[in-house]
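Dear colleague,

I am handing over the structure that we talked about, and below it you will find an account of what was found in it. Please keep the structure open beside the text as you read.

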Amino acid sequence: MTDVSNTPLKTTPLHGLHTRLGARMAEFGGYDMPIQYADGIMTEHNWTRSHAGLFDVSHMGPSFLSLPQLGGGDQAHRKVASIIERLVPSDIAGLAPGKVQLTVLLDANGGIIDDLMIGRPPRDDQQGMLYIVVNAGTKENDFSLIAKTAGAEAELHRADDRALIAIQGPEAEAVITGILPEAVPLTFMTFHEIKNTAFGNVIATRCGYTGEDGFEILVPAEHGEAFANRLLEDPRVKPIGLGARDSLRLEGGMCLYGHDIDISKTPVAASLSWMVSKARRERGDFPGADRILRELKEGVPSRRVGIRPLGRAPAREGTEIQNTDGETIGVVTSGGFGPTVNGPVAQGYVDTTYTKTGTPLKLIVRGRALEAEVAALPFVPAKYKR
Amino acid sequence: MTTYYTSEHEWISVDGDVGTVGITKFAAEKLGDVVFVELPDVGKSVKKEADMAVVESVKAASDVYAPVTGEVTAANAAIVDEPAKVNEDPEGGGWFVKIKLADMGQLTGLMDKAAYEAFCASQ
């Protein structure tokens, strides 16, 4: 993490709205962000699981990687894909038009630099471009790495002049139907551009970070607040802060960069081997391929798992994990209370011998060994629109 | 019965040489939804300004400090069973423990209601 103590915090295009909505603000990824609103984390979490939550995710890093000339069908797509594939282990060349893929940027040793989304535009005249969204706290480094890797072959355009707004929950589709009906036909992990809306040209992606159905919508900054207000006019929608975003993603079994994954972890250790696609395994042409292919074959010493404390006490990040003999076998990387689970939930890394669901564990919380077991992820079943 | 307050946002309401202790409304609001409470066992000795209990919200764990030195004579099982009670009535039914004071003189270092309210306003 960069030291932000002496740097003024950045703000998103919705900062004024958060303040007017009475949000409790705090620093996240270098931005002054809403942690919660008046209702509090528990209510916001439960609202998102039963209705629709609006999240300002404008602090993240949306961008476009483009060849000098767009169009030219599959060939142009394969060309731009070949550039980003120098950094990721997924089959970007093989993405169908309109599809989005969650993947990771890797260093030469196979360590995870960041997790990110990469989308292939559906339209023919936009082939040769990729829509890329990286994390807030890592975006400066990611963007310079991608730009450097692309060199003169492609140009990275940061979409800093936009607001990124997520609407998540079982009523998200119904809400969007009245506001951006063109987004409704999208299925999970697909996206398209919608031109000339009341909020300018927008990009709608059917995805999210809660385990619920929903959309992330990129709108020009000057329309960000109007778009958010339009959503909030619907009584099914409430604003949701980063506190509930974290408890929702934790129940959803998703990783938080800098906690559950970082440069010291490979996709295999992070239980993200599915990101290393078949075509890329065969070619072995991604960063850290020697190590990752060896790990896929021979295994890793420790791996990310879900952990369910059996009592009521949450086990926070950094909690030591022991086996039933009292030997240290791992550490919790995120943990807290899951309002939908109605109990504590966590993720962590344990020695590979202990990764089977149901394996008993001990969590050392304030000097005491609390009972826990390895749990299947996600804790709450995903409700994506396939 | 007189109630005193600490700069760590605990209250202690003293009757004879026994004080009922909890966290203030200000602290409960700052914490957000309480999901877990850990209390000391009855009979345990606690020391002024040392960790006495733990209160956890969805997001974080916080220590609760003993406002005075003494022995725990009662612990409120109701907030262990139903942690939300801490948010509902922090300065009443959401009390944490009762402490038999070892030194009544320690109360003089604490704030009264007016001083505590002024302290919160300056936070």
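Helices (H or I, at least four residues) and strands (E, at least two) are DSSP runs, numbered from the N terminus.

Before going further, please note that this is a predicted model, in which local features need pLDDT of at least 70 and side-chain atom pairs count only at pLDDT 80 or more, while totals for chains, interfaces and linings use all residues. Residues are numbered from 1 along each chain as its sequence is written, chains are lettered from A and ligands numbered from 1 in the order in which they are written, and side-chain values use heavy atoms, with hydrogens and water left out.

Helix α9 of chain A covers residues 289–298, and Ala289(A), Ile292(A) and Glu295(A) are buried in it. Here buried means under 20% relative accessible area, exposed means over 50%, and partly exposed lies in between (1.4 Å probe, protein chains only). Seen down the axis of α9(A), the buried residues fall within an arc of 135°, so they line one face of the helix; the arc is that of the directions from the helix axis to the C-beta atoms. The face turned away from the buried side of α9(A) carries the exposed residues Asp290(A), Lys297(A) and Glu298(A), whereas the cover over its buried residues includes β5 (100–106) of chain A. Contact, here and below, means heavy atoms within 4.5 Å.

Helix α7(A) gives another picture, since nine of its ten residues are buried and it is therefore largely enclosed by the rest of the structure. Among these buried residues of α7(A) are Leu242(A), Arg245(A), Leu248(A) and Glu251(A). The buried residues of α7(A) pack against β1 (24–28), β2 (31–36), α2, β3 (52–56), β16 and β17 (343–351) of chain A, and just after the helix Gly253(A) takes a positive phi of about 75°. In the loop between α7 and α8 (278–283) of chain A lies Ser273(A), which is buried, with a relative accessible area of 18%. Leaving aside residues up to four places away in sequence, Ser273(A) touches Pro267(A), Val268(A), Arg281(A) and Leu296(A).

What do the two chains share? Where they meet, 16 residues of chain A are in contact with 13 residues of chain B, and the area buried between chain A and chain B is about 1300 Å², of which carbon and sulfur atoms give 51%. Arg24(A), Arg316(A) and Arg366(A) supply 40% of the area that chain A buries against chain B, more than any other three residues. Buried area is the accessible area (1.4 Å probe) that two parts lose on being put together, summed over both. Across the interface of chain A and chain B the rule finds five salt bridges, a salt bridge being a side-chain nitrogen of Lys or Arg within 4 Å of a carboxyl oxygen of Asp or Glu. One of the salt bridges in the model joins the side chains of Arg316(A) and Glu56(B) (2.7 Å, N to O). On the side of chain A that touches chain B, α2 (41–50), α7 (242–251) and β16 (328–338) of chain A each supply at least two residues, and the residues of that side divide into five nonpolar, five polar and six charged. In this division Ala, Val, Leu, Ile, Met, Phe, Trp, Tyr, Cys and Pro count as nonpolar, Asp, Glu, Lys and Arg as charged, and the others, Gly among them, as polar.

A search of the whole structure finds 37 salt bridges over all chains. In one of them Arg158(A) pairs with Glu140(A), the closest N and O atoms being 3.0 Å apart. Arg158(A) lies in strand β8 (residues 155–158) of chain A and Glu140(A) in helix α4 (residues 139–150) of chain A, so the pair ties together parts that are 18 residues apart in sequence. Arg158(A) counts as partly exposed at 33% relative accessibility, and Glu140(A) is partly exposed as well, with a relative accessible area of 43%. In chain B, Glu117(B) forms a salt bridge with Lys113(B), with the closest N and O atoms 3.7 Å apart. Being four residues apart in helix α4 (residues 113–121) of chain B, Glu117(B) and Lys113(B) are separated by about one helical turn. Finally, salt bridges that share partners join Arg316(A), Arg366(A), Arg368(A), Glu38(B) and Glu56(B) into one network.

With best wishes
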